Every structure is written in structure tokens, then in C-alpha cells.
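Hello,

Here is the structure we talked about. Please open it first, then read the notes below it.

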Amino acid sequence: MNYRKFGKTGRTVSEVGFGAWAIGGAWGDVSEADARAALHAALDNGTTFIDTADVYGDGRSEKIIADVMKERGGERPFIATKAGRRLDPHVSEGYNKQNLTAFVERSLKNLATDCLDLVQLHCPPTEVFYRPDVFEVMEEMVTAGKIRNYGVSVEKVEEGLKAIEYPGVASVQIIYNIFRQRPSGLFFREAKAKNVGVIVRVPLASGLLTGKMTKDTAFAADDHRAFNRNGEAFDKGETFAGVPFDVALEAVEEIRRLVPDNITMAQFALRWILMEEAVGVVIPGAKNAAQAAANAAASDVAPLPSEVIGELRNIYEQRIAPHVHHLW
């Protein structure tokens, strides 16, 4: 495992982290035993960054993480959580001191700690990024010793650019993968210049970039890949990176010929992301120990040749960009 400095937090973290959405919910059934095994495997393979949220399984993900930390003992990894999506309705006015404080207190309890490493506003309405009072509330929680750092999780590049205008924002979590390449332009340059830690989510486009899906792949009713393809429950860009399923499957077949024989397509896709210096950590999810170990191994994959990166760019521009580039 290789490690990178994580922005202005002063911490160094594994470049491949553990995304804990799948062990919380909305990815079909994941048993608690498998969830714990996945987390243990990630940590055993050098992972030192875990990303979760208070709404993943209504706190299930946070509680499993806390239990595993207790089992293992020793130095805790960097654990990032998120706040805001518990709001119903999920509106800008809900991002206030009373609600955010309550969310943080709940996560402190769920994660069994007295101070959270990082709290990210969880893909709030765009209006929130234009409200300095929200970021002042986060500053107050740092001063109070409830959180060490705060950041944002965003849907759009423009939201990320606005967020990093606030000097206290330590990190931005954003979707970036072979099917969502827009952040590699202005956003990554600005984030790097301002020493902001970049967390990359949805790195495998909800599993598309594992190369294991076909048009006949079936998803459980409680899997967002079944119920959110058109944004029925949350932003459609979170599901298959917003790319129409049939279009994505055709592109995957073009990508397959570029993958070396000694690695999986998932590892290839993760290594592509890690070629970007502005990225602090990528957070693939895992439903079991084998997936978690394989994800961690992507850190040891050799750098991709420039001609391969160029071919992937061509596939994106010709097949994928018309569907996603202008939206996020």
C-alpha cells in the first residue's frame, strides 16, 4: 500500500481507502459478518482511511466500524463521516447549527469517539455552498473539539470549486472515474493549489468498471442500482456514474482490451484514478473480504502507459461524455 498526504489535515493516509456505504445499506443484502470481514481485510492490507455516513443503514455502517475498531485496538485509522442527508425534507434551511450539531453528536456516539476526524456536508443543495453561516457552524465544532476537520461531498464540479473558496474546507469528495473525467480539469488544479484533500467516490461506476456486469445482471430491490437509475431516490449520478446502462456496457467492452492480463478491470480502473496527483484517496466499496483485499492491491499496480490513458480518454469523449460531462 502506498500513502499520500491528505491535504491540510496534516495526516498521511492510504491512497486506497474503504468506502463503507455497501456495508450500511442500499447495495443489496450484506451480512454483518461479511461487513466486518471486509473492513478487517482492508485494514489488514494497509488501508488507513475509512469513509462512512450517518445515513448508511441509518447508522449501521458507523456502528460496525466502531465495533471493528474496538476489536482491533491500537491506532485508529482516519475515519470520515458525513452529515445532512438525515434531513427530511433535504433542503438548504435544514443545514443549521441545531441540526448539524445533533447529527455530529449522533455520529460521535455511533463511532464511539470523542472527536471525529472529518465531517463532510453530505451532498447538500447547491444553495448551501453559498451560505457562509453553514461553514461557520463547522468551524465552531472544530473549536469545540467535536471534529478535527470538515469538508464537503459534492455532486457537481461547480459545487467543489465554490466549497474550496472557504479556507477551512479541508476536503472535497467527488465522483471521478473513467466514466466521469470532468474533475481532472479545473477542479483538480484548484484543489491541489489550495492543498485540499480530494476523496474520490464511485470509482468503479457502481460496479460497471469491474467488467462483471451484463445486460441480464439482476439487482436486489433494495439495491440503488435497481431503484435509482433515473434519480428516483437521490442524484442519478451516484448510480452507474449517471451513464445509461447499455451505453456503459458497450464502453466496458472497449476498455476490456486495454486491461493487462495480470490485474482485474477493477484494479485497472482504480489505478487509472491514482495516476492523478491531486487525488488524496480513492474509496471503493466492498461487500466481503476478498473484494476489500483486491481493492487494496490496486495500490501496487504499475503505472498505466500514457497511450492507454489516451485511449481511455478517447472512449470517454466519444461514448460517455455526451451523457454526463455537462451535467456534473
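The axes of helix α1 (residues 32-44) and α10 come within 7 Å, and they cross at roughly 25 degrees. Axes here are lines fitted to C-alpha atoms, for helices over the stretch in contact, with angles from 0 to 180 degrees between N-to-C directions. Helices (H or I, at least four residues) and strands (E, at least two) are DSSP runs, numbered from the N terminus. α1 and α10 are therefore roughly parallel to each other; that label covers angles under 35 degrees. α1 passes α10 in a right-handed crossing, where the near helix is turned clockwise from the far one by less than a right angle.

Which residues make the contact? On α1 they are Ala37, Ala38, Ala41 and Ala42, and on α10 they are Ala289, Ala292 and Ala293. Contact means heavy atoms within 4.5 Å. By class, the contact of α1 with α10 has seven nonpolar, no polar and no charged residues. Ala, Val, Leu, Ile, Met, Phe, Trp, Tyr, Cys and Pro count as nonpolar, Asp, Glu, Lys and Arg as charged, and the others, Gly among them, as polar.

**How to read the model**

This is a predicted model: local features need pLDDT of at least 70, side-chain atom pairs count only at pLDDT 80 or more, and totals for chains, interfaces and linings use all residues. Residues are numbered from 1 along each chain as its sequence is written, and side-chain values use heavy atoms, with hydrogens and water left out.

The structure holds two cavities of 30 Å³ or more. On a 1 Å grid over the protein atoms alone, a cavity is a set of points where a 1.4 Å probe fits but cannot get out; lining residues have an atom within 4 Å of a point. Grid points are joined across faces, edges and corners, and a volume is the space filled by probe spheres set on the points.

The largest cavity holds about 60 Å³ of space. Its lining includes Glu155, Arg180, His325 and Trp328. β8 (169-175) and α11 (306-324) each give two or more residues to that lining. The lining of the largest cavity has seven nonpolar, two polar and three charged residues.

The second largest cavity has a volume of about 50 Å³. Among its lining residues are Phe18, Ala42, Thr47 and Ala292. Helix α10 (residues 289-297) gives the largest share of this lining, three residues.

Best wishes

Notes: 1 Å grid on protein atoms, 1.4 Å probe; cavity = no way out; pocket = protein on both sides within 12 Å on 5 of 7 lines; lining within 4 Å. Parallel < 35°, antiparallel > 145°, perpendicular 65-115°, else oblique.
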